[in-house]
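Here's a quick briefing to keep open beside the viewer.

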Protein chains: 2
Amino acid sequence: MTKDGGKQDKKAQQYGVTPQSVDFNDWYNEVVKKADLADNSPVAGAMVVRPYGSALWENIQRWLDDKFKATGHESLIFPTLIPMGFITKEADHVEGFAPELFTVNKIGTEELAEPYVMRPTSETIIGHMWSGWLNSYRDLPFLHYQWGSVFRAELRTKAFLRTSEFFWHEGHTAHADEGEARGEVRQMLDIYHEFCRDVLALPVVRGEKTASERFAGAVATYSIEGMMRDGKALQSGTSHYLGQNFSKAFDVKFQTREQREEFAHTTSWAISSRIIGAIIMTHGDDFGLIMPPRIAPIQVVVIPVGRKDNFDQMVEEGEKLAAELRAQGVRVKVDKRDGVTNGFKYNDWELKGVPVRIELGPRDLESGVVVVKSRNGDEKETLPRAEAVSGMTARLDGIHDWLLSRATSFMLEHTIPVDDFETFAAKIEEGNWVRAYHCGDADCEKSIKEATKATTRNVPLDDAEFFNDHGEGQCVKCGKPSAYGKRVIFGRQY
Amino acid sequence: MTKDGGKQDKKAQQYGVTPQSVDFNDWYNEVVKKADLADNSPVAGAMVVRPYGSALWENIQRWLDDKFKATGHESLIFPTLIPMGFITKEADHVEGFAPELFTVNKIGTEELAEPYVMRPTSETIIGHMWSGWLNSYRDLPFLHYQWGSVFRAELRTKAFLRTSEFFWHEGHTAHADEGEARGEVRQMLDIYHEFCRDVLALPVVRGEKTASERFAGAVATYSIEGMMRDGKALQSGTSHYLGQNFSKAFDVKFQTREQREEFAHTTSWAISSRIIGAIIMTHGDDFGLIMPPRIAPIQVVVIPVGRKDNFDQMVEEGEKLAAELRAQGVRVKVDKRDGVTNGFKYNDWELKGVPVRIELGPRDLESGVVVVKSRNGDEKETLPRAEAVSGMTARLDGIHDWLLSRATSFMLEHTIPVDDFETFAAKIEEGNWVRAYHCGDADCEKSIKEATKATTRNVPLDDAEFFNDHGEGQCVKCGKPSAYGKRVIFGRQY
């Protein structure tokens, strides 16, 4: 998957990371662990997020939270537990979630007649509370969200991607009419798209899910889909129009301006800690992670390159340089470890994907220069110190653009329009997405999945950035006339 | 409890809040609900925190989180579940928490041979993870914390004060030696003290808990204790030195500089969502909440006072004024509701405890003045608009000082040094704290509790702001010689 595979193989062996091309799965697991993002836990299917991963998640939360507030949303905190009876009130919802529930049957010394479940998502209990808070159209819209953990049993787990406990925000809104609710669904999808592209440097395709891939209980589900370096898709965020399904199940009704009684139209939307998996698998290379600069916990690492007798002095000089960068709003760390070699430090920070490294040695100091190395593969540069500092923001933006452009090219190259099923199966097997016409029938989708492990990712929206051209054709599998008015994206998924 | 009880009674009836002096408990519950801080939930003992309460909690989190990071701590995310077997590894710990545990016995369709518990606190699972991460003295200290929910069964629940699920940070640190660990314990206690005094305007007493009031598994527990307006104590934060108890139970050991194997010395510390209860019950009055300005979600509310024909214009003018205040860093809301009277709005924002209200009418606008009302009971003032804006930060600081001073006077007036048990019982019954000499015997403490419902709050530290004078005497209950070298604080508690 990289041109200089041989060279990188050798380097990777030194650092102990399996190259992506040898085993993408091993590469992923090793990077997660060795970059100190997360660790396995003694709890079935749950991970421990370590400080570097937690700092990344905090930056993600901060950006999104600011955006939610700026668009008029308010945070709340709902209980982690939900009465089992709530889950069964919406028929599709219970069918979707029942096999994955964590059941609490005892509190203190009391055996519970009706058990609780640890929330797999909170539509039900939020619907119940809304029912008590909503009276008149004047109370609407409710624009709510919460940050927290959710719990869904997973048999085969993988850090950030599939864990029994994961972290997210869940947005929940209620509106007086369908138009406003659908507007909210699109607004949040677009915010997710903006976040991925402009902050995480992730190209994603905005589209609507086919019926069989909808959220349990939704009228329409929209997603953003990203392509990982192994060609698989990762659903990176979802936004659902729930119609009146949950408001009818939980009696969320109000008096209209015209004094009629009406059920609210509700939405829900989420990005979870999976997005960290997308960052790792979209940007990472055989040296490890590459952190998108705008979200990176550490944007620049300063390595004081000293000998035993002047190491402390160089650390001090490193701190001065760091202070100059911080004054520019850059997040900097000075690596003060004295028990390890410079080479070890370089490899360690490359593995952790810090966008820019600055080496500061005694002779550089005398000459007023520093050595700057970007994580995009460019060669080291020796720059006047002042220039390195003043140019850092532009350099970080450049790395962002490079990451986005590289990932976009990769996605475009590996997304193939196909009109026959034999080619479809071959292209999927080679690690591509396929764009194909489809009849829209759920059983036909199922037969494609059984034959190729590929599912519909989404039907790109008319204003999606990619793959939004209109057209009609015959279903790639069964030959019936196509639905949707455009090609559907198929791919294997995480 | 207030001088003008009669007048306030009448006003309170209008707004529908029971006065504190009539029933403090009803007052509390009504304020929590009517100020939109929290609501009851359908889950036994758990509450729903509504947007106004959530915004307050977010501000609390933000200040503390910044402080933790500034003092070198790193956040992590540990699982919500803990294997039941972990809890039983530390003998005192299991004794303390076993009666309060939430038990998960089923995940998906699988009945669990060994159940999980929802964490009541995370020392055990963190100890287990540390054991894997710790090798050498070079790895230490671990300076960790996490934000999240914990779960402890409660029979009689009360929003924020006693809920089965509550919200907190839990700090967990590991150190190479006792001195450093004890230094950490004191540092965090002092940060909590600073936070309460300088941000929440809460006077609190720093001290050490007596042995019978220690955290389950701790060698020493320190607390900050605040006095509520009914004279009861609220333990508002704790910091524990855990010695090597948990590190021995979970094998948290390391190689010392001298190549010996040694167990780490660990600490833990927490402030929870109870602190919101302390804010309510320390500062609130018969009109409702009074939010300490530095943490208030809304510091200033602007009420456009218009008639039907010019209301929109006044709202627009209100937004202009709000923009000027925001430019000064003030958190402002403009009350744009048009279906309610101005009087309703005034009462509503007083109930919610917004520190400053500005009324803006058409004639004020023409004269270039605004009407300013502080929530400290001062009369309305008519001020030149520019002066109201430029003086707002000082005004908010003034309200902070007034709150802190009022609460400090109240605590000092209601804390009585006592040397005989009859007076002790009477002073407790009247709603005071008592400062008394005590022998240090746990059974003697128990007999005091049985007789008066009062427990030891803490033994003030030598550098505590209040009640730190040294002395010796006879135990107020049994007459034996006193322990501790100073008087102990006793009180009824939440």
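How many salt bridges does a search of the whole structure find over all chains? The search turns up 74, where a salt bridge is a side-chain nitrogen of Lys or Arg within 4 Å of a carboxyl oxygen of Asp or Glu. Keep in mind that this is a predicted model: local features need pLDDT of at least 70, side-chain atom pairs count only at pLDDT 80 or more, and totals for chains, interfaces and linings use all residues. As for bookkeeping, residues are numbered from 1 along each chain as its sequence is written, chains are lettered from A and ligands numbered from 1 in the order in which they are written, and side-chain values use heavy atoms, with hydrogens and water left out.

**Salt bridges in chain A**

- E194(A) and K67(A) pair up through their side chains, with 3.3 Å from N to O.
- E194(A) sits in helix α7 (residues 178-198) and K67(A) in helix α3 (residues 51-70), so this pair ties together parts of chain A that are 127 residues apart in sequence. Helices here are DSSP runs of H or I with at least four residues, strands are E runs of at least two, and both are numbered from the N terminus.
- Both ends are partly exposed: E194(A) has 25% relative accessibility and K67(A) 23%. The scale calls a residue buried under 20% relative accessible area, exposed over 50% and partly exposed in between (1.4 Å probe, protein chains only).

**Salt bridges in chain B**

- D65(B) and K69(B) form a salt bridge at 2.7 Å, N to O. They're four residues apart in helix α3 (residues 51-70) of chain B, about one helical turn.
- D65(B) is buried at 10%, whereas K69(B) is partly exposed at 36%.
- R457(B) and E225(B) make another salt bridge, 3.1 Å from N to O. R457(B) is in strand β22 (residues 455-460) and E225(B) in strand β10 (residues 220-227), so the pair links parts of chain B that are 232 residues apart in sequence.
- R457(B) is buried at 0% relative accessibility, and E225(B) is buried too, at 1%.

**A network in chain A**

- Salt bridges with shared partners join D36(A), R50(A), D335(A), R337(A), K345(A), D348(A) and K352(A) into one network.

**How α3(A) and α7(A) pack**

- The axes of α3(A) and α7(A) come within 11 Å and cross at roughly 145 degrees. Axes are lines fitted to C-alpha atoms, for helices over the stretch in contact, and angles run from 0 to 180 degrees between N-to-C directions.
- On the α3(A) side, I60(A), W63(A), L64(A), K67(A) and F68(A) meet M188(A), I191(A), Y192(A), E194(A) and F195(A) of α7(A), contact being heavy atoms within 4.5 Å.
- By class, that contact has eight nonpolar, no polar and two charged residues. Ala, Val, Leu, Ile, Met, Phe, Trp, Tyr, Cys and Pro count as nonpolar, Asp, Glu, Lys and Arg as charged, and the others, Gly among them, as polar.

**Around R435(A)**

- R435(A) lies in strand β21 (residues 433-436) of chain A and is buried at 8% relative accessibility.
- Leaving out residues up to four places away in sequence, R435(A) touches T415(A), I416(A), P417(A), V418(A), F467(A), D469(A), R487(A), V488(A) and I489(A).
- T408(A) is 27 residues from R435(A) along the chain, and their C-alpha atoms are separated by 16 Å.
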